[in-house]
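Thanks, everyone. Let me put the model on the screen, and then I'll walk you through it.

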Amino acid sequence: MAKSKLVEANEKIAEGVAGGYKKIEEGVVGGYKKIEEGVVGGYRKIEESAVGGFQKIADKFVGNFLTKEGESVEEAKERMAAEQKEREEKNAAGRKEREQKQKEAAKESQQKEEAARLEARRKAGIER
């Protein structure tokens with residue numbers, strides 16, 4: 001079936017408009033991508049600078065105040081990490097021991113309380 005000239009003209013206009021919208025879309029999305037990359041890249045540079053600066057300061061502090069005779073900064077950090085791990089393990093063991101003692105003390109307290117309650121009831125003549 002033959003298309004009318006009006007339909008053909010309408011299709012050409014639609015194709016042109018759709019193509020224009022597509023170009024606008026690509027331009028806008030491309031612009032947002034560039035902005036995103038710039039912002040993220042800037043953030044990463046700031047983050048790397050801050051972390052790097054902190055590392056330099058931390059290394060200087062460890063080197064000046066925490067290293068032992070003839071010990072490098074890296075060796076001092078490893079030694080301190082091992083010492084920290086040992087302290088944490090010791091604290092965990094102590095914590096478990098304290099919790100166990102607290103449970104035992106609570107149980108003993110409950111038993112004494114129950115015995116006192118029974119004694120009071122016996123004296124009152126409620127129970128024998």
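The protein has 2 helices and 0 strands. Here helices (H or I, at least four residues) and strands (E, at least two) are DSSP runs, numbered from the N terminus. This is a predicted model, where local features need pLDDT of at least 70, side-chain atom pairs count only at pLDDT 80 or more, and totals for chains, interfaces and linings use all residues. Residues are numbered from 1 along each chain as its sequence is written, and side-chain values use heavy atoms, with hydrogens and water left out.

Now the overall form. The radius of gyration, taken over C-alpha atoms, is 39 Å. A compact globule of 128 residues would be near 14 Å, by the rule of 2.2 Å times the number of residues to the power 0.38. Along the principal axes, the C-alpha atoms fill a box of roughly 115 × 70 × 20 Å.

How much is buried? Buried means under 20% relative accessible area, exposed over 50%, and partly exposed in between (1.4 Å probe, protein chains only). Take Q102, in helix α2. Q102 is exposed, because its relative accessible area is 55%. From Q102 to E11 is 91 residues in sequence and 84 Å in space, C-alpha to C-alpha.

Where do the helices meet? Q55, D59, V62, G63 and L66 in α1 meet V73, A76, K77, R79 and M80 in α2. Contact means heavy atoms within 4.5 Å.
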